[in-house]
Amino acid sequence: MSQNPILVFVETTPDGTVAKSAAGLLGAAAAIGEPTALIVTAPGLSAAAASAVAQLGAMRVLTVEDLRLTDTFIAPLVDALAAAFENVEPDAVLLSNSVDGRDLAARFAVRAGLALAVDAVALSRDEEGVVASHSVYGGAYNVDSAVTSGAFVVTVRQGAIDARAEAQEPVVESLTVAPSNTPAATITDFEPLISNATRPDLRGAAKVVSGGRGLQSAEKFVLVEELADSLGAAVGASRAAVDAGYVPQSYQVGQTGVSVSPQLYIALGISGAIQHRAGMQTAKTIVAINKDADAPIFQIADFGIVGDVFSVVPQLISSLESRKA
């Protein structure tokens with residue numbers, strides 16, 4: 001048994017592909033202990049997934065191949081996580097702060113009688129154990145949380161962890177899971193969402209370009225997309241832009257939208273209301289372009305340009321494209 005084991009639940013797609021969130025989770029785990037990954041797949045899919053997570057830094061991989069666990073909604077996954085927890089006896093359990101990750105973390109914490117911290121943006125260790133850091137109250141404060149006894153269950157914001165663990169030789173073990181027969185909905189069928197979009201997904205993207213009410217219309221919001229495409233970035237928006245009908249709600253960054261922690265965040269025509277800042281101010285570098293010199297977004301921006309986005313952004317795109325030539 002390792003000295004400081006950290007159990008990481010790795011999400012997979014129905015075809016066994018490892019979720020992008022795994023890299024950050026295993027990087028965070030390696031910084032505070034020795035990562036052990038848990039993978040739950042349909043029969044025949046675990047080998048490739050185990051190899052992938054070993055390359056991402058898992059020192060040990062527990063696999064569960066059980067169709068019952070993959071065609072039943074969430075509850076049986078708690079059985080698998082509970083079995084892995086008993087096997088590993090970790091200092092902490094890390095999961096992605098995704099919809100499924102939050103659901104699974106909460107159910108497992110209740111069953112195991114453990115403390116739960118959600119949406120951590122960093123993890124560390126002090127002399128007493130694991131510490132989770134959070135950006136709270138709309139990003140106005142950074143706070144730490146820890147437990148006084150027992151293991152710590154933590155969900156981690158995707159994209160918030162820069163650290164990456166070194167690749168490991170896969171040490172793979174099959175885990176037997178005893179069903180708890182907890183009532184759960186059964187998944188009878190699913191249809192994969194096929195997207196032809198060439199841009200990265202907003203959640204977890206390394207670069208994000210967002211537009212606000214200052215773009216004036218859905219037609220002019222195309223300027224945001226053009227800059228994003230020049231940078232290979234995802235496209236986001238403020239709530240004001242969504243409410244005005246410029247883009248769908250799925251683009252919304254903020255307290256009631258998607259929380260992002262990219263390496264680069266560019267805000268175009270966004271005033272920077274607290275609701276928006278809550279979802280993006282943990283970005284590593286923030287660039288703001290707004291004609292209002294007093295816009296709150298400049299308070300958190302690393303670089304700011306006071307100017308008309310319709311004048312500044314085309315020049316920026318032209319400069320970026322010329323460098324590619």
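Helix axes are lines fitted to C-alpha atoms over the stretch in contact, with angles from 0 to 180 degrees between N-to-C directions. Helices (H or I, at least four residues) and strands (E, at least two) are DSSP runs numbered from the N terminus. The model is predicted: local features need pLDDT of at least 70, side-chain atom pairs count only at pLDDT 80 or more, and totals for chains, interfaces and linings use all residues. Residues are numbered from 1 along each chain as its sequence is written, and side-chain values use heavy atoms, without hydrogens and water.

Helices α6 and α9 pack with their axes 10 Å apart, at an angle of about 25°. α6 is therefore roughly parallel to α9 (angle under 35 degrees). Contact means heavy atoms within 4.5 Å.

| Helix | Range | Residues in the contact |
|---|---|---|
| α6 | residues 222-231 | L223, E226, L227, D229, S230, L231 |
| α9 | residues 309-324 | V309, F310, V313, P314, L316, I317, L320, E321, K324 |

The residues of this contact divide into 10 nonpolar, 1 polar and 4 charged. Here Ala, Val, Leu, Ile, Met, Phe, Trp, Tyr, Cys and Pro count as nonpolar, Asp, Glu, Lys and Arg as charged, and the others, Gly among them, as polar.

A nonpolar core is a set of buried (under 20% relative accessible area, 1.4 Å probe, protein chains only) Ala, Val, Leu, Ile, Met, Phe, Trp, Tyr and Cys residues joined through side-chain atoms within 4.5 Å. In the largest core, of 28 residues, V10, V53, L94, L123 and V154 touch the most other members. α1 gives the most to this core, with 6 residues. Leaving out residues up to four places away in sequence, V53 touches V10, V18, L26, A37, I39, A58 and V61. Another core, of 26 residues, lies apart and includes L62, L77, V78 and F85.

Notes
Angles under 35 degrees count as roughly parallel, over 145 as roughly antiparallel, 65 to 115 as roughly perpendicular and the rest as oblique. Buried means under 20% relative accessible area, exposed over 50%, partly exposed in between (1.4 Å probe, protein chains only).
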